[in-house]
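Thanks for coming. Please have the structure open while I talk.

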Amino acid sequence: MKGLPRLTEYRFEARDEADTERLASQLAARLGPGAVLALDGDLGAGKTRFSQALARALGVRGTVNSPTFTIIKEYEGRDMPFYHMDVYRISQEEADELGLEEYFFGAGVCAVEWASLIADLLPAERLELYIGVAGASERVFAVRPHGEPYASFCAAMADEGVLARE
């Protein structure tokens with residue numbers, strides 16, 4: 001559309017779960033309080049697996065499992081909380097009533113599975129990750145930063161060879 005800036009997109013190819021762990025670790029090292037990762041992809045693409053890797057990289061101990069039926073799970077990380085959300089089973093109105101903005105602008109990192117279902121509620125500044133299945137254990141991550149610091153650290157990760165510019 002005319003007048004809208006074209007967002008830079010990046011790509012990350014994961015050959016196996018170790019690569020997914022590496023991406024999560026690289027991102028976790030750059031995230032701070034109020035960071036929001038908007039995760040999307042088909043069923044079974046690896047949204048929860050990525051969230052588990054991110055939680056581990058943030059220093060969460062213990063089991064991190066899908067919040068499908070609880071909607072939000074809170075964990076204590078090394079330096080800040082980790083908020084893991086799954087909004088697949090709720091409407092935009094129900095999501096609005098949950099007060100998600102308190103998490104989005106809070107003291108921790110948020111990973112929101114099925115984030116596109118509540119797009120109007122997401123903060124303008126966020127990191128979108130779309131996970132595509134490329135094989136039995138291979139995944140392709142399309143990464144789109146919205147605002148700072150996401151644009152800067154994605155560019156740095158591209159310069160370091162972690163992400164590829166699209």
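This is a predicted model: local features need pLDDT of at least 70, side-chain atom pairs count only at pLDDT 80 or more; totals for chains, interfaces and linings use all residues.

Let me start in the sheet, with β4 and β5: these two strands run parallel and are joined by five bridges. By pairing I mean that DSSP finds at least two bridges between two strands. The elements I name are DSSP runs, helices being H or I over at least four residues and strands being E over at least two, numbered from the N terminus.

Residues are numbered from 1 along each chain as its sequence is written, and side-chain values use heavy atoms, with hydrogens and water left out.

On its other pairing, β4, residues 81–86, meets β3, residues 72–76, in the antiparallel sense over five bridges. E74 has Y83 in β4 as its bridge partner. Four residues lie between β3 and β4, and the two strands form a hairpin.

Now the whole sheet. Eight strands make an open sheet with mixed pairing, in the order β3-β4-β5-β2-β6-β7-β1-β8. Which strands are at the edges? They are β3 and β8, each of which pairs on one side only.

Next, the core. A nonpolar core here is a set of buried Ala, Val, Leu, Ile, Met, Phe, Trp, Tyr and Cys residues joined through side-chain atoms within 4.5 Å. Buried means under 20% relative accessible area, exposed means over 50%, and partly exposed is in between, using a 1.4 Å probe and protein chains only. The largest nonpolar core has 36 residues, and L37, F50, L54 and L129 touch the most other members. Elements giving two or more residues to this core include the strands β1, β2, β5, β6 and β7, and the helices α1, α2 and α5. The largest share, five residues, comes from α5. Apart from this core lies another, of 18 residues, with I71, I90, A95 and L100 among them. As background, nonpolar side chains tend to be buried together in soluble globular proteins.

Contact means heavy atoms within 4.5 Å. Leaving aside neighbours within four places in sequence, L129 is in contact with residues including L23, L27, L37, F50, F141 and V143.

Now the aromatics. Rings of Phe, Tyr and Trp, the last by its six-membered ring, pair if their centres lie within 6.5 Å; planes under 30 degrees apart count as stacked, over 60 as edge-to-face and the rest as tilted. The structure holds six such pairs. In one of them, the rings of F12 and F141 have centres 6.0 Å apart and planes at 65°, so that pair is edge-to-face. F12 lies in β1 and F141 in β7, so the pair ties together parts that are 129 residues apart in sequence. Both F12 and F141 are buried. Together with F50, they form one aromatic cluster.

In α2, the buried residues are K47, R49, F50, S51, A53, L54 and A55. They pack against α1, β2, β4, β5, β6 and β7. S51 has a relative accessible area of 0%. Just after α2, G59 takes a positive phi of about 90°.

In α5, the buried residues are Y150, F153, C154, M157 and A158. Why are they said to be on the same side of α5? Because they cover an arc of only 145° around the axis, the arc being that of the directions from the helix axis to the C-beta atoms. These buried residues pack against β1, α1, β2, β6, β7 and β8. A158 has a relative accessible area of 12%, and beyond four places in sequence A158 touches Y10, L163 and R165. Just after α5, G161 takes a positive phi of about 85°.

That is what I have on this model; questions now, please.
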